[in-house]
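Dear colleague,

Please find below the structure that I am handing over to you. My notes on its strands and on one residue follow, and I would be grateful for your reading of them.

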Amino acid sequence: MGTNTTFPPLLGDEPIDNKEVKATYSLRQNSYFAYADIAYRLPLPADLEGRKAKRHDCILDVSIRLTVPMDQPLIDVRVLINNEAKDHRVRMYVPTGIASSHSVADNQFGVIRRPVVDPAIDVWEQEGWDERPDAIYPMLTYVGLSDETGGVAVLTNSTREYEIVGKQHDTIAVTLLRSVGYLGKEELVRRPGRPSGIKMETPNSQMFGTSELHFALTTHRGTTEEANVAKRAKQFLTPLYTYNKLPYDAMKMNPVAFSVPYEYSLFSQQEGETVLSTVKRSEDNRGVVIRFFNPTVQKTMASFQWHGSLSTVWRTNLNETPLAPLSMDAQQRFTVQVKPNEVQTVLVVDQEGNGE
């Protein structure tokens, strides 16, 4: 991936921050949430020529909505950016106060630890590398810094690029937008000499107009892995939505001939390190598929208790083809061992299915 080499800064360029910008804000709170609305205008160069001349002849409009739920350990963040400038990158800095040698982020069904500084940065020129190895990395749903006592993580529903910055490498810099007008230029700071692949103009990648970013900040005890931030990110990304039918129907429809209990749970997951990834009807409509994965570095057990009627429970592959039956106890609990970074899929066949 060329995000850290194809789009480097100008030689001698200095970042522009919002420390001296005056913002307007409003605060409010009820029994369930606290809100903060922040807005400001950041002067910045309109293009590369303006950046070389140190001109601030353009405005970046930024609006931020912070939502703090009273029942969850996170801050929901929505950022609205109206961009009219060319060829620049906008990042959010999250200071953690945790001096770090590595970051922890997730990939597909697992985690990856990365150094905050690529050790090859000291030898790339002497060894004749074509590109400088900067520690700008992708994430899937979260990135965190932690020590033995606790940590801070960014959970994302939009942006997926980060870098750990600061003198102590204690700040998570998350890319909000990257405005790019030309792809594959030659003679760049991080890639001297040759162009990269196809050299071409990309005017539609300047990211003009309004962009909305959605992510969350969360804190935890213990390390990022011990706190199972992967499960917290999954809960943030796939919240449960409910409809309050009582005391009256919102819309008057034809009454039905059946009634349902006031509360019902199809199954419950026992406490553990696995992350519940998917719950769906099977493709052949004979049962319910439960898919989960283990984001830790240790083997763990996934345990579920089924509350409805069932015929059999199968361990399947990702194509939902039954591989082997699973045993249950009298309370309809079943357990599956899950290796690190492994995905397990279970098919619960109801009374009408056959599981064959």
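**Strand β11 and its partners**

Three bridges join strand β8 (residues 136-138) to β11, and the two run antiparallel. Within that pairing, P138 has E161 of β11 as its bridge partner. Please note that this is a predicted model, in which local features need pLDDT of at least 70 and side-chain atom pairs count only at pLDDT 80 or more, while totals for chains, interfaces and linings use all residues. Residues are numbered from 1 along each chain as its sequence is written, and side-chain values use heavy atoms, with hydrogens and water left out.

As to terms, strands are DSSP runs (E, at least two residues), numbered from the N terminus; two strands pair if DSSP finds at least two bridges between them.

β11 is also joined to strand β12 (residues 171-178), by four bridges and again antiparallel. Here E163 has A173 of β12 as its bridge partner. Five residues lie between the strands in the hairpin of β11 and β12, where G166 takes a positive phi near 100°.

Strand β11 (residues 161-165) is mostly covered, with five of its five residues buried (under 20% relative accessible area, 1.4 Å probe, protein chains only). In a regular strand the side chains alternate between the two faces of the sheet. On one side of β11 are E161, E163 and V165, on the other Y162 and I164, and all are buried.

**The nine-strand sheet**

An open sheet of nine strands has the order β1-β2-β3-β4-β15-β10-β9-β6-β7, with antiparallel pairing. Its edge strands are β1 (24-29) and β7 (110-115), each of which pairs on one side only. Neighbouring strands of this sheet are turned by 20° against each other on average, direction ignored (the axes being lines fitted to C-alpha atoms). Strand β6 (residues 102-107) pairs with β7 over six bridges in the antiparallel sense, and S103 stands opposite R114 in β7.

**Residue N83**

N83 lies in strand β4 (residues 74-83). N83 is buried, with a relative accessible area of 0%. Leaving aside neighbours within four places in sequence, N83 is in contact (heavy atoms within 4.5 Å) with residues including L60, H88, L177 and F208. With H88 there is a polar contact, side chain to side chain, at 2.8 Å (a pair of N or O atoms within 3.5 Å, one able to donate a hydrogen and the other to accept it). V62 is 21 residues from N83 in sequence and 8.8 Å away in space, C-alpha to C-alpha.

With kind regards

Conventions:
Buried means under 20% relative accessible area, exposed over 50%, partly exposed in between (1.4 Å probe, protein chains only). Axes are lines fitted to C-alpha atoms, for helices over the stretch in contact, and angles run from 0 to 180 degrees between N-to-C directions.
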